[in-house]
Amino acid sequence: MLGARAGEGSRDERRAWWRVFCLAALAIGAWAFAVPLGTGPDEGSHVVRAAGVVRGDLIGAKLPIGDNTWVMVRAPAGYVDVDRFAVCFLGDPYEPIFGSHRDRVDIDACPRVDGVDEVEPLPTYQHRGQPLLYALVGLPSRWFPGENGLYMMRVLTTVLGAAFLASAWLSVWRLPD
């Protein structure tokens with residue numbers, strides 16, 4: 001009886017895991033494609049770190065700025081301006097935001113991801129995390145140049161995030177009442 005119940009339970013658990021995975025992937029994926037590139041929290045620095053790790057630069061070289069918060073990693077030169085993408089998507093540049101005034105942004109002057117074949121030292125402040133996740137997420141930057149690579153990094157992050165959420169949900173579901 002216990003064996004039959006365990007087999008039936010594991011099938012139910014697999015179904016539940018896939019349901020949660022699909023719902024989480026849908027929600028995370030909607031965000032990944034709705035938010036303009038480079039506008040996610042620290043996204044530019046994470047992109048540089050992931051591209052550097054997948055190219056073998058696991059820890060980077062410390063920069064003499066501040067208190068050990070910046071490192072240089074070897075990453076595609078085209079990723080240098082990813083942090084600046086956000087200025088192109090913040091609405092009317094003449095609208096005061098929190099009492100400040102922004103200069104007009106010429107849409108043609110918005111950064112593009114060019115020069116991805118050239119690898120050079122780029123600064124990043126994302127260097128304390130374990131490199132395994134960055135190595136996985138950075139893989140698309142090897143095969144998909146430019147902005148397509150950034151979107152593929154988001155797709156891979158979506159899949160990994162949804163899998164982690166589904167696994168966490170299943171772990172909580174298994175707790176005794």
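Predicted model: local features only at pLDDT ≥ 70, side-chain atom pairs only at ≥ 80, totals over all residues.
Select lysine 62 first. Its bridge partner is valine 71 in β2. Residues are numbered from 1 along each chain as its sequence is written, and side-chain values use heavy atoms, with hydrogens and water left out.

**Stop 1: the sheet**

Colour β1 and then β2, residues 71-76. They pair in the antiparallel sense over 2 bridges. Two strands count as paired if DSSP finds at least two bridges between them. Strands themselves are DSSP runs of E with at least two residues, helices are runs of H or I with at least four, and both are numbered from the N terminus.

Next, colour β3. It pairs with β2 in the antiparallel sense over 6 bridges. Pick arginine 74, then look across to β3: proline 121 stands opposite.

Show the 3 strands together. They form an open sheet in the order β1-β2-β3, with antiparallel pairing. Which are the edge strands? They are β1 (61-62) and β3 (119-124), and each pairs on one side only.

Contact here means heavy atoms within 4.5 Å.

**Stop 2: the salt bridges**

How many salt bridges does a search of the whole structure find? It finds 3. A salt bridge is a side-chain nitrogen of Lys or Arg within 4 Å of a carboxyl oxygen of Asp or Glu. Visit each in turn.

Start with arginine 15 and aspartate 12. Their closest N and O atoms are 3.6 Å apart. Both sit in helix α1 (residues 2-34), 3 residues apart, so about one helical turn separates them. Arginine 15 is partly exposed, at 44% relative accessible area. Aspartate 12 is partly exposed too, at 32%. Buried means under 20% relative accessible area, exposed means over 50%, and partly exposed lies in between (1.4 Å probe, protein chains only).

Move to glutamate 13 and arginine 174. Their side chains meet in a salt bridge, 2.8 Å from N to O. This pair links distant parts of the chain: glutamate 13 is in helix α1, arginine 174 is in helix α5 (residues 146-174), and they are 161 residues apart. Arginine 174 is exposed, with a relative accessible area of 54%.

Now select arginine 154 and glutamate 43. Their salt bridge spans 2.7 Å, N to O. Is arginine 154 buried or exposed? Arginine 154 is buried, at 6% relative accessible area. Glutamate 43 also counts as buried, at 12% relative accessibility.

**Stop 3: inside helix α5**

Stay with helix α5 and pick alanine 162. At 0% relative accessibility, alanine 162 counts as buried. What is it in contact with, leaving aside neighbours within four places in sequence? Select Phe21, Ala24, Ala25 and Ile28. Then show leucine 26. The C-alpha atoms of leucine 26 and alanine 162 are separated by 8.7 Å, though the residues are 136 apart along the chain.

**Stop 4: a surface patch**

Select Leu132, Leu136, Leu139, Trp143, Phe144 and Met152. They make a nonpolar surface patch of about 580 Å². Patch residues have over 30% relative accessible area and no salt bridge; like charges are joined within 9 Å, and nonpolar side chains (Val, Leu, Ile, Met, Phe, Trp, Tyr) within 5 Å. Accessible areas come from the Shrake-Rupley method with a 1.4 Å probe, and for residues only the protein chains shown count as cover. Zoom in on leucine 136, in helix α3 (residues 131-138). Leucine 136 is partly exposed, at 35% relative accessible area.

**Last stop: the whole protein**

Zoom out. The protein has 5 helices and 3 strands. Read along the sequence, the pattern is α-α-β-β-β-α-α-α. Of the 177 residues, 35% are buried. The protein exposes about 11300 Å², and carbon and sulfur atoms supply 62% of that.
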